[in-house]
Amino acid sequence: MNKYDSMIACNKKTSEEKVNRAVTEIRQMLTEREKVTIPKLTKRTGLSRGFFYKNETVRKEMDRALEQQAGMIDPKRYIGDIVLKNRINVLEEQIRELKREKEQMEKENVRLRKALNKKDLNVLKTL
């Protein structure tokens, strides 16, 4: 049992070292403003691609790094987001304007119906 316990402890220690190496490298790439990618990380750390996808801690750190770099690294995506937000604002303004126009039309419709009813009453009175 003693050999088994020491083997488990050794495996756990190497696993923690791999996680630390990967997380440190991801953070270093972020500070250097370098795009964080799996191929670059495998070259720099010597770890497998699967390790970066399967290890939960490393995967969370990767996702956080990619979120952080979304605007910095991919300007097309950032510009696209700005364009879409502006388009949404324009469309919302158009919706507000159409709602105002609809309310005015409804008021005018009510007014014209009342006028038509008065005219009908006047025609009936003359008969």
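**Notes on the helices, core and salt bridges**

1. Let's start with Glu93, which is partly exposed, with a relative accessible area of 38%. Bear in mind that this is a predicted model. The side chain of Glu93 meets that of Arg100 in a salt bridge, with 3.8 Å from N to O. Arg100 is partly exposed too, at 40% relative accessible area.

2. Now for the inside. The largest nonpolar core counts 15 residues. Ile26, Val36, Leu41, Phe52, Val58 and Met62 have the most contacts within this core. At least two core residues come from each of α1 (2-31), α2 (38-45), α3 (49-54) and α4 (56-73). The largest share belongs to α1, with 6 residues. As background, nonpolar side chains in soluble globular proteins tend to be buried together.

3. Val36 is a handy place to look at that core up close. If you skip its neighbours within four places in sequence, Val36 is in contact with Ile26, Met29, Leu30, Leu41, Met62, Ala65, Leu66 and Gln69. Three of the names on that list, Ile26, Leu41 and Met62, are also among the core residues with the most contacts.

4. Arg33 is worth a click. This residue sits in the loop between α1 and α2. Its phi is positive, about 55°, although Arg33 is not a glycine. For context, most residues other than glycine have a negative phi. Arg33 is also exposed, with a relative accessible area of 60%.

5. On to charges: the structure has 12 salt bridges. One of them joins the side chains of Arg44 and Glu25, at 2.7 Å from N to O. Arg44 belongs to helix α2 and Glu25 to helix α1, so this pair ties together parts that are 19 residues apart in sequence.

6. Glu61 deserves a point of its own. This residue is found in helix α4 and counts as buried, at 9% relative accessibility. Which residue is its salt-bridge partner? The partner is Arg64, with the closest N and O atoms 2.5 Å apart. Both lie in helix α4, 3 residues apart, which means they are separated by about one helical turn. Arg64 is partly exposed, with a relative accessible area of 38%.

7. Glu61 has other neighbours to check as well. Not counting residues up to four places away in sequence, Glu61 touches Val23, Ile26 and Arg27.

8. Last stop, the surface. Which residues make up the nonpolar patch of about 380 Å²? Tyr78, Ile79, Ile82 and Val83 do. Tyr78 is placed in helix α5, which covers residues 75-126. The relative accessible area of Tyr78 is 47%, so this residue is partly exposed.

Conventions. Residues numbered from 1 in each chain as written. Predicted model: local features only at pLDDT ≥ 70, side-chain atom pairs only at ≥ 80, totals over all residues. Heavy atoms only, no water. Core = buried A, V, L, I, M, F, W, Y, C linked by side-chain atoms within 4.5 Å. Buried < 20%, exposed > 50% of the residue type's maximum accessible area, 1.4 Å probe, protein only. Helix = DSSP H or I, 4+ residues; strand = E, 2+ residues; numbered from the N terminus. Contact = heavy atoms within 4.5 Å. Salt bridge = Lys/Arg side-chain N within 4 Å of Asp/Glu carboxyl O. Patch = residues over 30% accessible without salt bridge, like charges linked within 9 Å, V, L, I, M, F, W, Y side chains within 5 Å. Areas by Shrake-Rupley, 256 points an atom, 1.4 Å probe, with all protein chains shown as cover.
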